[in-house]
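Have the viewer open and follow along.

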Amino acid sequence: MQQLYDLEINILSCLLLKPELMKDLKLEDKHFIKHQRLWQFMKAFYKRYETFDVVLMFNTCKDKYQIIKYLQWLAEVEPAPSNFYKYQDRLIELYNQNKKDRWIIEEVYRLANELYVGGIDLRSFKSKIEKAEKEAEEKFKEVQ
């Protein structure tokens with residue numbers, strides 16, 4: 001999961017360095033898991049000013065201490081803006097992978113409860129788990 005967060009910060013740092021990359025952004029709000037608040041601020045700021053200027057950002061933000069901390073953090077990151085598109089692709093892949101894993105876990109949990117209460121036997125449980133894994137592969141192949 002840490003990979004996901006590192007990618008988020010690298011992407012936001014790339015945007016801070018090269019605001020024009022916002023025009024090529026293919027990520028959606030849902031892809032920012034850990035840093036959603038910072039993403040929402042940057043997105044709204046860019047919509048209004050069409051740039052990321054630290055002085056303007058500081059003067060616009062209500063929570064100045066927090067934005068300074070975030071901006072300092074983004075400035076300390078050394079992303080490669082040339083890899084911006086690869087960062088985006090990888091963040092989307094990780095998001096979709098986590099979505100698939102959550103779906104499988106929920107299905108296994110449902111089946112485990114059926115097994116626990118005697119609704120299915122152990123052999124059936126095993127085969128249904130295998131079936132669920134195959135179904136997840138098909139279902140989430142389209143998303144990627």
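This is a predicted model, and the mean pLDDT of the protein chain is 89, with 94% of its residues reaching 70 or more.

Now for a pair of helices. Two packed helices are described by the angle between their axes and the distance between the axes. Helix 2 (residues 36–49) packs against helix 4 (residues 64–76) with their axes 12 Å apart and an angle of about 90°. Angles of 65 to 115 degrees count as roughly perpendicular, so that is the label for helix 2 and helix 4.

Which residues of helix 2 and helix 4 meet? On the helix 2 side they are Arg37, Leu38, Phe41 and Met42, and on the helix 4 side they are Gln66, Ile67, Tyr70 and Leu74. Sorted by class, this contact of helix 2 with helix 4 has 6 nonpolar residues, 1 polar and 1 charged.

Is Glu50 buried or exposed? Its relative accessibility is 60%, and exposed means over 50%, so Glu50 counts as exposed.

What about cysteines? A search of the whole structure turns up 0 disulfides. Cys14 is buried, at 0% relative accessibility. Cys61 has a relative accessible area of 13%, and because buried means under 20%, Cys61 is buried too.

Here are the accessibility values for several residues side by side.

| Residue | Relative accessible area | Class |
|---|---|---|
| Cys14 | 0% | buried |
| Cys61 | 13% | buried |
| Asn83 | 25% | partly exposed |
| Glu50 | 60% | exposed |
| Lys23 | 66% | exposed |

Two of the loop residues in that table also come with distances. Asn83 lies in the loop between helix 4 and helix 5 (84–116). From the C-alpha atom of Asn83 to that of Val108 is 37 Å, and these residues are 25 residues apart along the chain. Lys23 is in the loop between helix 1 and helix 2. Lys23 and Glu135 are 112 residues apart along the chain, and their C-alpha atoms are separated by 36 Å.

Technical notes: Residues are numbered from 1 along each chain as its sequence is written. This is a predicted model: local features need pLDDT of at least 70, side-chain atom pairs count only at pLDDT 80 or more; totals for chains, interfaces and linings use all residues. Side-chain values use heavy atoms; hydrogens and water are left out. Axes are lines fitted to C-alpha atoms, for helices over the stretch in contact, and angles run from 0 to 180 degrees between N-to-C directions. Helices (H or I, at least four residues) and strands (E, at least two) are DSSP runs, numbered from the N terminus. Angles under 35 degrees count as roughly parallel, over 145 as roughly antiparallel, 65 to 115 as roughly perpendicular and the rest as oblique. Contact means heavy atoms within 4.5 Å. Ala, Val, Leu, Ile, Met, Phe, Trp, Tyr, Cys and Pro count as nonpolar, Asp, Glu, Lys and Arg as charged, and the others, Gly among them, as polar. Buried means under 20% relative accessible area, exposed over 50%, partly exposed in between (1.4 Å probe, protein chains only). pLDDT is the predictor's confidence in each residue, from 0 to 100. A disulfide is a pair of cysteine sulfur atoms within 2.5 Å.
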